[in-house]
Amino acid sequence: QGGIAFGLMVSIVDEQEDPLIVTEEDRTTKFAYGRKWLDKNREPGAIISTFITLFQFVDKNSILSLPAYRHELGVFERITMKGKDSYPVGVAFQFKETASFYQTLMYDRYLRDHDTNLEEVYRWFFSEYLKNAHEVDGLIYTPSTQASTYLEKCRHVFAEMDSIIKQYSLFVENGELDPELLKISSESYAFADIPSLLDNKYAYATDNIDIQSALHLMFSDQSSITYINEDLKGKDLVELITNNEVKYGDFQHYQLSAIDKLIELNILSMTPNAVIFRSKKQVAMLHKLFKVGAINYNLVSPEARTEIDSMIAKEWLITKNSLLTKEESSLFNYYLNQKDFGNGLDLRNKYLHGSQGSGDDETEHYRTYIIAIELLMLLVLKINNDFFINDSFNEA
């Protein structure tokens, strides 16, 4: 089959002073982590932070970077994508998936060499950190035993993941975690339905034709207004207008209806010298929507929130309350079940229902285990962010 080949190497370098050095050579990306830095950052909180700062599992707005975002698909990949019920596995997602897998594998092995592991970090986070930092009592993660096979570890971790989701959901809904309620609750939560402590956690674009047209015209590589001539061009309209002084008359006649539309929508303005964007904050918010499908409403500046509120009033955007964005919950569904995607890996169901292949060996179970503890880290990062923002607003 055709495709784009890439290589990836993850290593720990003993004498390296820098925390991370990334190099590219012959289509191979090499991530070199400094052992000295890792050795200085072995406290549980620092280990969790490593997944943010060094591995970049989340962006600066605390939205996961690992899902397959459709804007990352190349033109050919979009054409050949199999149906709406398939998870959009393109080259960009495959690279992120491979990098995050080997980063997690490398780190767990490193920690085990120092008498700890990521599951112990999760135990600390739920049992100790949440209690000390956020006065939250009762959430529990129980690590698998060292003597367990990786088949047993996988089953254990997936069961514990279900428990964490239920514990957190009950805590959000009731303001506390009642152990008796947890025991009798048989409800299972879909990833999209895990609640957040925050109202209006994320803003999403609606199906309104104006916002959909604006996103396409401004950011799509298929937009008709990114190229005027060899001197006036950009990868998208934002780059074209930001990097050049572009007059209304510079656009080709067939492009003017699109420019007029963006002026009508109060996204573009005309000055005597150039066409400009009315609000850089609005452009930044729309760009977030195009890239990751959601805006973390509570993490943007007051000025940006004013722009979001204006777009909500125009029915361009809608806010919803959930721990995970739509794209983030889709990532979990792709790995763990076949709820949304026919090409989903269905790992949770296979292991908890005992239907994994009889020929699977410990190597395959180990691979599944790494994926499982990686997904658990993603949940930890999202839960931690939920508490952090909620506490910040309560203290304000």
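**Exercise 1.** Is Arg-123 buried, exposed or partly exposed?

*Solution.* The structure is a predicted model.
- Step 1. The relative accessible area of Arg-123 is 26%.
- Step 2. A residue is buried under 20% and exposed over 50%, and partly exposed in between.
- Step 3. Arg-123 is therefore partly exposed.

**Exercise 2.** Describe the salt bridge between Lys-261 and Glu-264.

*Solution.* 
- Step 1. The closest N and O atoms of this pair are 4.0 Å apart.
- Step 2. Lys-261 and Glu-264 lie in helix α10 (residues 256-264), 3 residues apart, which means a separation of about one helical turn.
- Step 3. Lys-261, at 26% relative accessible area, is partly exposed, whereas Glu-264, at 61%, is exposed.

**Exercise 3.** Which parts of the chain does the salt bridge between Glu-15 and Lys-36 link?

*Solution.* 
- Step 1. In this salt bridge the closest N and O atoms are 3.9 Å apart.
- Step 2. The pair links distant parts of the chain: Glu-15 is in the loop between β1 (7-13) and β2 (20-25), and Lys-36 is in helix α1 (residues 35-40), 21 residues apart.
- Step 3. Glu-15 counts as exposed at 61% relative accessibility, while Lys-36 counts as partly exposed at 31%.
- Step 4. A network of salt bridges links Glu-15, Glu-17 and Lys-36. The structure holds 20 salt bridges.

**Exercise 4.** Classify the aromatic pair formed by Phe-51 and Phe-57.

*Solution.* 
- Step 1. The structure has 26 aromatic pairs. In the pair of Phe-51 and Phe-57, the ring centres are 5.1 Å apart and the planes stand at 70°, so the pair is edge-to-face.
- Step 2. Phe-57 also forms a pair with Phe-55, which is tilted, at 6.1 Å centre to centre and 40° between the planes.
- Step 3. Phe-51 has 0% relative accessibility and therefore counts as buried; Phe-55 and Phe-57 are both buried.
- Step 4. Ring pairs join these residues in a cluster of Tyr-33, Phe-51, Phe-55, Phe-57, Tyr-107 and Tyr-110.

Technical notes:
Residues are numbered from 1 along each chain as its sequence is written. This is a predicted model: local features need pLDDT of at least 70, side-chain atom pairs count only at pLDDT 80 or more; totals for chains, interfaces and linings use all residues. Side-chain values use heavy atoms; hydrogens and water are left out. Rings of Phe, Tyr and Trp (its six-membered ring) pair if their centres lie within 6.5 Å; planes under 30 degrees apart count as stacked, over 60 as edge-to-face and the rest as tilted. Buried means under 20% relative accessible area, exposed over 50%, partly exposed in between (1.4 Å probe, protein chains only). A salt bridge is a side-chain nitrogen of Lys or Arg within 4 Å of a carboxyl oxygen of Asp or Glu. Helices (H or I, at least four residues) and strands (E, at least two) are DSSP runs, numbered from the N terminus.
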